[in-house]
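Me: I'd like to learn how to read salt bridges in a protein model. Could you walk me through some?

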Amino acid sequence: MKVKSPLEKNPKISKNVQSGAAILRVSGSTVTIGRLASALKTSVEIVEAALLSLGEKAPEVKGHKKKAAANERRVDADVAELVALEMGRELRLIRIKSISTQEESESEKNLRALDKERNELIQEFRPQKPAADSDEWSQLELRPPVVAVMGHVDHGKTTLLDSFRGSHVAESEAGGITQRLSAFCVGKTTFIDTPGHAAFARMRSSSAAALDVALVVVAADDGVKQQTMEALDLARSRRAAVVFAMTKIDKFSSEKNLQEATNRIRDQLATAGFAIEADGGECPLVPVSAKTGAGLDELKATLEAQAEILDLRANRKDTAEATVVDGVFDKHLGLCADVIVAWGTLKVGDHVVVGECAGKIRRLEGIYDEVEDSTNKDTKKKKKNKCSKLLD
């Protein structure tokens, strides 16, 4: 069945579309819908209708930001030409080089050469790891897994972690939304709590550098959403093991309704390319409720099983290699960073390189869960479960 174009669906649109070739100058491979509509002398709404008929669905944006988001939405330049044809127009794209790419100045060449030299120097000091299938690897000590908890906003990631560690972090977050990366340990597992709001996409992607297992949280009453898909893409790019936690199952009054929600999520995940174990795939799907505690033990056991399959090992005596989770400037302590060490051991006095920055570790702090010191009833020694903090 042929899909009708916007002109065929609504003949009134033709009154707003000018005839003749339109010219659009582009400096890259994409163009905003606002500029495309301006070049075609039509409205953004008509361009979006043409895109929809071509199968290019717009992302969901609600509220007063919807119009601005539509103007700034980018499409491929080739798609822009198809839009023009869909509207009975011809679009001529004039590709121009941006000023920054026309010529490389002498200083830029020198900076590039310095970057190359710095990267080569870093590679010399980077610890040499044996192959995962070698005898040398099997003799190394097993290390705990790093699990990044990811998913859409308000699907219960932080609340789930609170139930693991017996804390109330979710209640103290502004607007009930996680706004920073944080890491801590529960037993022998290191967890990274990631923000689910769309505004923190770059922050979420940085967590992928450290993860071994992606714990993707999907609310049973909401299903797979935009940030869920983004989390799956990050896990796929990292080639990490994926475990799905279907949260908020306590919201369903009957087993039948819960099963229907489970089947819907299974279908959505299969469409995204992730088949769960019940359907013959490799990804476990564990129904949990942070409110009642249902399924938490099964989820912990599933994560431990995944870590065992991955056979994660490290040489504690080697040069340290770590991932920075968060960084801050403290007015009393100076530059501080929360890091996850996956190989070797960090020590006070070590010289470290983080991106384009370098320095020396002046102090290390380990943060653990609060426990009572049985030898002194009047005092409590605090040992908090978190990552090491290094101060430079």
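**Reading salt bridges**

Reply: Happy to! Keep in mind that this is a predicted model. Let's start with D311 and R313, whose side chains meet in a salt bridge at 2.9 Å, N to O.

Me: What is the general idea behind such a pair?

Reply: Side chains of opposite charge can pair when their charged atoms come close.

Me: Is D311 buried or partly exposed, and what about R313?

Reply: D311 has a relative accessible area of 26%, so it counts as partly exposed. R313 is buried, at 16% relative accessibility. The cut-off to remember is that buried means under 20%.

Me: How many salt bridges are there by this rule?

Reply: The count comes to ten salt bridges. One of them joins the side chains of D212 and R143, with 2.9 Å from N to O. This pair links distant parts of the chain, 69 residues apart. D212 lies in the loop between α11 and β9, while R143 lies in the loop between β5 and β6.

Me: Are D212 and R143 buried or exposed?

Reply: D212 counts as buried because its relative accessibility is 12%. R143 counts as buried too, at 19%.

Me: Which residue forms a salt bridge with R236, and how many residues apart are the two in helix α12?

Reply: The partner of R236 is D233, and their closest N and O atoms are 3.0 Å apart. They sit three residues apart in helix α12 (residues 226-238), so about one helical turn separates them. R236 is partly exposed at 40% relative accessibility, and D233 is partly exposed at 43%.

Methods
Residues numbered from 1 in each chain as written. Predicted model: local features only at pLDDT ≥ 70, side-chain atom pairs only at ≥ 80, totals over all residues. Heavy atoms only, no water. Salt bridge = Lys/Arg side-chain N within 4 Å of Asp/Glu carboxyl O. Helix = DSSP H or I, 4+ residues; strand = E, 2+ residues; numbered from the N terminus. Buried < 20%, exposed > 50% of the residue type's maximum accessible area, 1.4 Å probe, protein only.
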